[in-house]
Amino acid sequence: MLKIAYHEIYKHPLPEGHRFPMIKYELLPQQLIYEGTCTSNNFFEPTIPEDTHILRVHTEAYYKDLQNLTLNARAARKIGFPLSEVLVKREVIIADGTIKATEFALKYGIAMNIAGGTHHAYSNRGEAFCLLNDQAIGARYLLDKGLVKKVLIVDLDVHQGNGTAEIFQNDTSVFTFSMHGKGNYPFKKEQSDLDIALENDTDDETYLSILKDILPKLINDEKPDFIYYLSGVDVVASDKLGKLGLTLEGCKERDRFVLQTCKNNKTPVMCSMGGGYSPDIKIIIEAHANTFRLAQEIFF
């Protein structure tokens, strides 16, 4: 069964007019159930994980500042959300969703988190709507438990996974691959193990050609025991915060190729949703829903 992490805390109240479409976390599970892609049995509710899992990735000083709401004003501004106790709890629960989805993926071949993909969270700071790096926490959990020896992070959000790159910069057990917009935030990029920076308005054909050339070779060379897939839908042309030119169908084909490649290689995969900022919420939901539809189609 496809298992999906979801908690009502994911939809966090924000000031009116805020550019982050928080409502997608409420609408996406509703859409998946309404159309019959999922039932309520597919969803599980994450809780508060042990601090030790978070502290394997994030510094104690930073994590304490989050918990105590004592980040300095500049650091808090970089996060982009008003800092609060509930916001921090939300991020911790999202991380637990990814940890538990990781375990389900080992069992069923794939599992997902309705939220997550918080790849701009560094070991010692947060930025750009990211406080704790959920997939980094999941990867470190897997490795610490001795469940795998090598992890591949496939980050196809339109923005580079700068925090993930920093966290694993000296860790050969995790290979970080980020394919993103060259002209997008972050404007000062970190160095992933493999970065592919795409020109503005890159279309479906160009994008998919590059991905289909790189990913199979990467899996063959690195031989990962587990893959984390960050399936941001901010690659579509209508996205407010992205500069690429993919269609909805191109974004879906991207997901199909990644998930089918994982299945063909018998490599478990855990998916976090990442970004999506099109002005029309229906486009965001449709693009995200496609990832879940394909997971059901390919794996079950």
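Buried means under 20% relative accessible area, exposed means over 50%, and partly exposed lies in between, with a 1.4 Å probe and protein chains only. This is a predicted model, in which local features need pLDDT of at least 70, side-chain atom pairs count only at pLDDT 80 or more, and totals for chains, interfaces and linings use all residues. Residues are numbered from 1 along each chain as its sequence is written, and side-chain values use heavy atoms, with hydrogens and water left out. Helices (H or I, at least four residues) and strands (E, at least two) are DSSP runs, numbered from the N terminus.

**Helix α1**

- Helix α1 spans residues 24-34, and Lys24, Tyr25, Leu28, Pro29 and Leu32 are buried in it.
- Down the axis of α1, these buried residues fall within an arc of 125 degrees, so they line one face of the helix. The arc is taken from the directions that run from the helix axis to the C-beta atoms.
- The buried residues of α1 pack against β2 (43-44), α5 (85-108) and α10. Contact means heavy atoms within 4.5 Å.
- Glycine 36 follows α1 and has a positive phi, near 90 degrees.

**Histidine 288**

- Histidine 288 sits in helix α10 (residues 281-299).
- Histidine 288 is buried, at 1% relative accessibility.
- Leaving out residues up to four places away in sequence, histidine 288 touches Lys24, Leu28, Ser231, Val233, Met273, Gly274 and Gly275.
- Lys24 and Leu28 are among the buried residues of α1.

**Helices α5 and α6**

- The axes of α5 and α6 come within 8 Å and cross at roughly 45 degrees. Axes are lines fitted to C-alpha atoms, for helices over the stretch in contact, and angles run from 0 to 180 degrees between N-to-C directions.
- α5 and α6 are therefore oblique to each other. Angles under 35 degrees count as roughly parallel, over 145 as roughly antiparallel, 65 to 115 as roughly perpendicular, and the rest as oblique.
- The α5 side of the contact consists of Ile94, Ala95, Thr98, Ile99, Thr102, Glu103 and Leu106. Asp134, Gln135, Ile137, Gly138, Tyr141 and Leu142 make the contact from α6.

**Salt bridges**

- A salt bridge is a side-chain nitrogen of Lys or Arg within 4 Å of a carboxyl oxygen of Asp or Glu. By this rule the count is 18 salt bridges.
- Glutamate 60 pairs with lysine 64 in a salt bridge, with the closest N and O atoms 3.4 Å apart. The two residues are four apart in helix α3 (residues 60-68), about one helical turn. Glutamate 60 is partly exposed at 48%, and lysine 64 is partly exposed at 44%.
- Arginine 256 forms a salt bridge with glutamate 253, with the closest N and O atoms 3.6 Å apart. Both lie in helix α9 (residues 248-264), three residues apart, about one turn of the helix. Arginine 256 is partly exposed at 26%, and glutamate 253 is partly exposed at 23%.
- Elsewhere, salt bridges that share partners join Arg56, Arg140, Asp144 and Asp171 into one network.
- Arginine 140 and aspartate 144 meet in a salt bridge at 3.3 Å, N to O. These two are four residues apart in helix α6 (residues 134-144), about one helical turn. Arginine 140 is buried at 13% relative accessibility, whereas aspartate 144 is partly exposed at 40%.
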